[in-house]
Amino acid sequence: MSIKNKSVLITGASKGIGRALALVLAKKGANLGLVARSEIELLSLKAEIELMGAKAEIFVGSVANEDFVKETIHAIVKSYGKIDALINNAGFGIFRKATEISTADWDSIYDTNVKGTFLFCREAIPHMKSAGGGHIINIASDVAKRVFDGGSLYCSSKYAQDAFSMALRKEVRKDAIKVSVVYSGLVDTYFHNKSEGDPHQAKYLTSQDMADTITYILEAPKHVVIDELMIHPISQDY
Ligand SMILES: NC(=O)c1ccc[n+]([C@@H]2O[C@H](COP(=O)([O-])OP(=O)(O)OC[C@H]3O[C@@H](n4cnc5c(N)ncnc54)[C@H](OP(=O)(O)O)[C@@H]3O)[C@@H](O)[C@H]2O)c1
């Protein structure tokens with residue numbers, strides 16, 4: 001299915017996977033909504049996209065802020081008339097023993113990785129229903145299906161995001177709304193507190209690999225839904 005002139009909202013678009021995806025979709029002529037907290041990065045991405053001849057609206061705020069999410073969805077629908085696809089990509093990790101996790105750490109991870117996904121889905125779905133369909137792609141992690149020592153907080157948030165997605169899929173399939181989940185292994189992004197291109201991350205997937213994969217899911221024919229996609233670098237055990 002062609003992405004051209006489709007309205008696509010990407011959370012976590014200021015860097016990493018979200019930024020790379022925005023550039024791939026811009027090249028294909030999508031109308032983009034870009035969400036993150038870093039205004040300078042979003043402004044520079046918008047300028048790059050507009051130079052390519054595509055449209056981008058930026059929304060600066062946290063996915064955990066209910067009013068911000070409502071205003072963002074309202075503004076996207078006002079600008080582009082609809083919302084064809086929502087990519088819930090914003091997320092981060094804190095890796096510590098459970099006994100060393102503060103309540104603030106717990107809340108910040110769940111607010112972003114779980115509540116952010118929920119809020120954007122809840123606000124976007126009524127618009128997708130009235131348009132006769134839509135596509136939600138939630139960027140989880142392979143640790144939505146396995147755990148490791150030090151991962152109690154991050155893994156449990158990704159399990160929760162995944163369980164939410166699986167139940168949501170059952171709820172909205174009859175409305176022709178696709179719900180896809182991407183389970184990824186290591187990706188060379190700022191997520192690991194290193195810059196993209198850091199030699200320690202040389203064997204990881206790239207943001208471009210992820211952007212191309214998400215685009216493949218988005219471009220599936222209308223009658224096809226890729227419910228789940230697991231992806232790893234060949235260097236990582238699975
Ligand atoms: N990198 C990996 O190895 C890996 C593996 C599996 C899954 N993932 C998942 O992939 C997704 C994207 O991560 P990435 O690797 O691209 O990391 P990244 O380079 O750190 O990018 C994360 C993005 O999320 C945004 N973000 C974080 N908290 C936010 C909030 N509260 N509100 C709005 N935006 C927020 C950040 O923007 P601002 O800081 O500007 O808000 C940034 O644009 C995450 O969900 C992550 O869990 C990553």
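**Strands, helices and a ligand shell**

Q: In this predicted model, in which sense do strand β1 and strand β4 pair, and over how many bridges?
A: Let's start with the sheet. Strand β1 covers residues 7-11 and strand β4 covers residues 85-88. Within this pair, I10 stands opposite I87 in β4. The two strands pair in the parallel sense, over 3 bridges.

Q: What is the order of the strands in the open sheet?
A: The sheet has 7 strands, and the pairing is parallel. On average, neighbouring strands are turned by 15° against each other, direction ignored. Reading across the open sheet, the order is β3-β2-β1-β4-β5-β6-β7.

Q: Which strands stand at the edges of the sheet?
A: An edge strand here has a single partner strand, so one of its sides is left without a neighbour in the sheet. That applies to the strands at residues 55-60 and 228-231. These are β3 and β7.

Q: At about what angle does α1 run to β1?
A: Helix α1 lies across β1, β2, β3, β4 and β5. Helix α3 (residues 66-80) also packs on the sheet, where it touches β1, β2 and β3 and makes about 165° with the direction of β3. For α1 against β1, the angle is about 165°.

Q: Are α4 and α5 roughly parallel or roughly antiparallel?
A: The axes of α4 (residues 103-131) and α5 (residues 152-172) come within 9 Å and cross at roughly 15°. Angles under 35 degrees count as roughly parallel. That crossing therefore makes α4 and α5 roughly parallel.

Q: Which class of residue has 13 members in the contact of α4 with α5?
A: On the α4 side, the residues that meet α5 include W106, I109, Y110 and F118. Their counterparts in α5 include L153, Y154, F164 and L168. The contact also has 4 polar and 2 charged residues, and the class with 13 is nonpolar.

Q: What word describes how α1 and α6 lie to each other?
A: Helix α6 spans residues 207-218, and its axis is 8 Å from that of α1, at an angle of about 55°. Residues G16, I17, R19, A20, L21, V24 and L25 of α1 take part, meeting α6 residues that include M210, A211 and I214. The crossing is right-handed. Given their angle, α1 and α6 are therefore oblique.

Q: How many charged residues are in the contact of α3 with α4?
A: These two helices pack at about 30°, with their axes 9 Å apart, and they are therefore roughly parallel to each other. E66, V69, K70, I73 and V77 in α3 meet L119, F120, E123, A124 and H127 in α4. By class, the contact has 6 nonpolar residues and 1 polar residue, and the number of charged residues is 3.

Q: Which element supplies the largest share of the shell around the ligand?
A: Now for the ligand, which 28 residues surround, the closest being G12, G16, R37, S38 and G91. By class, the shell has 13 nonpolar, 13 polar and 2 charged residues. Both α1 (16-27) and β2 (31-36) supply at least two residues each. The largest share is 3 residues, and it comes from α1.

How values were computed: Residues numbered from 1 in each chain as written. Predicted model: local features only at pLDDT ≥ 70, side-chain atom pairs only at ≥ 80, totals over all residues. Near = placed C-beta within 6 Å. Helix = DSSP H or I, 4+ residues; strand = E, 2+ residues; numbered from the N terminus. Nonpolar A, V, L, I, M, F, W, Y, C, P; charged D, E, K, R; others polar. Axes fitted to C-alpha atoms, helices over the stretch in contact; angles between N-to-C directions. Parallel < 35°, antiparallel > 145°, perpendicular 65-115°, else oblique. Contact = placed C-beta atoms within 7 Å. Pairing = 2+ DSSP bridges. Left-handed = near helix turned anticlockwise from the far one by under 90°.
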